[in-house]
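Hello,

Here is the structure I promised to pass on. Please open it before reading further; my notes follow below.

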Amino acid sequence: MPETIRLEGKSQRLSAIIKRVASARRFVVVTGAGISVSCGIPDFRSSDGIFRQIQETHGDLITSGRDLFDASVIFRSSETASIFYRWMTHLRYQCTDALPGAAHRFIRQLADRGVLLRSYTQNIDGLERKAGLAVWDPYAEKDSSGYIPWKNAQSVPLHGSMDRLVCQLCSSSFTFSEKPDEQANSAGDACPDCTARSDARAAHGRRTLPAGKLRPTVVLYEEPHPHCEDIAKIISHDSRALASRRDSKTTNVVLIFGTTLKVPGCRQLVRRLATASPENTITILVNNEPVCGKSWDGIVDYQIIGSVEDWCSRIERQWNAQTKITRWARTRKRVDSNEKENKEHDQNASFNKQLPVRPPTSKKRKACSASDSENTEVFVDVVTVGREVPDQHASKKPKPAQAYSDGFVPARRSLRIAEKRSLEDFENILASQQIQTSIQICT
Ligand SMILES: [Zn+2]
């Protein structure tokens with residue numbers, strides 16, 4: 001039997017688990033009806049759950065609540081099918097009014113922190129979508145706005161969704177109306193596509209066709225799962241992703257919230273994920289009452305007894321504490337770095353003060369020689385006559401703005417040019433600009 005810990009206590013064991021989970025780098029979450037009870041949606045199996053309510057209301061036709069979700073029972077007669085449609089519509093309106101709870105927001109946080117590999121839910125209430133998660137919708141067409149490739153999907157509804165209706169005859173899908181007065185399709189309505197085809201035939205004098213009835217895209221007991229291959233592909237992908245991260249410093253966490261793990265498909269899913277990389281994966285079930293017996297030994301590591309909301313808030317508090325520590329460490333590092341830089345700067349300044357002033361280099365002394373000064377004097381005179389000299393070195397240093405306002409080359413720049421060019425080059429420039437007359441005047 002997995003180690004059972006009560007969430008109410010403040011044991012060191014529980015604190016260590018919470019710290020380890022809060023620092024994990026990859027999460028897979030498996031959720032059941034228990035996380036939506038606080039949102040106003042009843043679960044199925046509890047004493048006041050949906051099964052009990054159905055049994056009390058329709059006990060003459062349906063012997064157990066489970067039968068209402070059993071395809072072999074509800075489509076046996078029009079009366080039981082009608083009860084099924086009414087209950088589905090009632091459940092849809094409850095889902096419309098419900099808002100995401102603490103567990104949904106927690107999963108969204110995992111996604112925002114970039115540590116959520118996938119969230120698998122048995123719920124059909126669509127609260128994951130309301131929480132802002134990217135929910136995989138196998139009925140969405142590729143060019144529609146709601147289409148999300150399965151690899152990008154953050155949440156996978158294992159048992160379908162109440163968001164859509166599907167025709168039982170032609171498999172066309174439609175949006176499920178969210179309110180009673182809405183002019184949209186509801187469970188049990190005739191399929192618009194089937195009706196349109198039948199009307200078109202009737203207009204041409206041909207025999208009409210029966211129209212299929214719309215039902216929610218939820219998966220019922222005793223019927224094949226229409227997307228089991230796609231879901232199996234996603235689970236295989238996630239198992240490989242968990243197994244590929246074999247670094248001992250990396251911790252994977254499989255969290256199971258609010259489910260009794262009684263559905264065979266869900267049990268298989270948990271086994272597959274938990275055993276993909278058992279050496280660095282912690283599997284934790286959080287539920288109000290103990291669920292796991294000896295059969296879960298080696299698969300579920302810890303069984304936390306308490307509310308999922310409390311568990312989520314404990315992890316969030318740990319995240320906040322870790323964030324504060326990280327911020328403090330970063331600030332401390334920055335302060336230390338600044339102090340080190342300032343110290344080095346002060347040491348360099350005191351060292352420079354002790355150095356003797358160096359005399360000008362030989363190049364600078366040459367630049368100040370008398371022969372060059374004569375050449376520069378000639379050049380300055382030429383320039384002031386009004387001729388513009390092209391200079392390929394002009395862009396290397398900033399120049400005063402007034403030097404370009406009237407197109408003249410400034411004297412300071414001309415001095416540098418005269419220093420760098422030989423006198424022959426200089427004369428060639430003058431010849432090309434036909435200013436020999438000015439030279440003669442100046443010399
Ligand atoms: Zn149809």
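This is a predicted model: local features need pLDDT of at least 70, side-chain atom pairs count only at pLDDT 80 or more; totals for chains, interfaces and linings use all residues.

**Helix H9 and its buried face**

Helix H9 spans residues 264-274, and its buried residues are Cys266, Leu269, Val270, Leu273 and Ala274. Viewed down the axis of H9, these buried residues fall within an arc of 120°, so they line one face of the helix. The face of H9 turned away from the buried side carries the exposed residues Pro264 and Gln268.

Ser277 sits in the loop between H9 and S9. Ser277 is buried, because its relative accessible area is 0% and the cut-off for buried is under 20%. The side chains of Ser277 and Asn280 are joined by a polar contact of 2.4 Å.

**The overall picture**

The protein has 443 residues, and 41% of them count as buried. Its secondary structure comes to 16 helices and ten strands. Among contacts with a separation of 6 or more, 69% are between residues 24 or more positions apart.

**Helix H2**

H2 covers residues 50-57, with Ile50, Phe51 and Ile54 as its buried residues. Down the axis of H2, the buried residues fall within an arc of 100°, so they too line one face of the helix. Helix H4 (78-97) is included in what covers them.

**The zinc site**

Which residues coordinate the zinc ion? Cys167, Cys170, Cys191 and Cys194 do, each through SG, at 2.2 to 2.3 Å. The angles among the four donor atoms run from 103 to 115°, and the site is tetrahedral. For reference, the ideal angle for four tetrahedral donors is 109.5 degrees.

The donor residues are spaced C-x2-C-x20-C-x2-C in sequence. Cys170 lies in the loop between S5 and strand S6 (173-175), and Cys191 in the loop between S6 and helix H7 (192-203), so this pair ties together parts that are 21 residues apart in sequence. Is each of these two buried or partly exposed? Cys170 counts as partly exposed, at 26% relative accessibility. Cys191 counts as buried, at 0%.

**His159**

An unreviewed UniProt entry carries the annotation "active site" for His159. Where does His159 lie? His159 is in the loop between strand S4 (155-157) and strand S5 (160-167). His159 is partly exposed, with a relative accessible area of 22%.

Leaving out residues up to four places away in sequence, His159 touches Thr121, Gln122, Ile124, Thr217, Val218, Val219 and Val263. The His159 side chain also reaches the backbone oxygen of Gln122, at 3.4 Å.

**Lys151**

Lys151 is found in the loop between helix H6 (127-130) and S4. Lys151 is exposed, with a relative accessible area of 55%. Neighbours within four places in sequence aside, Lys151 is in contact with Arg118 and His237. Lys151 and Trp296 are 145 residues apart in sequence, and 29 Å apart in space, C-alpha to C-alpha.

Two more residues deserve a look.

Ala22 lies in helix H1 (residues 12-22). Ala22 counts as buried, at 6% relative accessibility. Which residues is Ala22 in contact with, leaving aside neighbours within four places in sequence? They are Ile315, Gln318, Trp319 and Gln322. Ala22 and Arg314 are 292 residues apart in sequence, yet 9.3 Å apart in space, C-alpha to C-alpha.

Ser307 has its place in the loop between strand S10 (302-305) and helix H10 (308-354). Ser307 counts as buried because its relative accessibility is 19% and the cut-off is under 20%. Not counting residues up to four places away in sequence, Ser307 touches Leu7, Val286 and Asn288.

Best wishes

Terms used: Residues are numbered from 1 along each chain as its sequence is written. Side-chain values use heavy atoms; hydrogens and water are left out. UniProt positions are given in the numbering used here, feature names are shortened, and annotations may be inferred rather than shown by experiment. Helices (H or I, at least four residues) and strands (E, at least two) are DSSP runs, numbered from the N terminus. Buried means under 20% relative accessible area, exposed over 50%, partly exposed in between (1.4 Å probe, protein chains only). Contact means heavy atoms within 4.5 Å. A polar contact is a pair of N or O atoms within 3.5 Å; within protein, one must be able to donate a hydrogen and the other to accept it, and residues adjacent in sequence count only if both atoms are side-chain atoms. Donors are N, O and S atoms within 2.8 Å of the metal (3.2 Å for Na, K and Ca); water is not among the atoms, so sites may look incomplete. Four donors count as tetrahedral if all angles lie between 85 and 135 degrees; four count as square planar and six as octahedral if opposite donors are over 155 degrees apart and all others between 65 and 115; anything else is irregular. The arc is that of the directions from the helix axis to the C-beta atoms.
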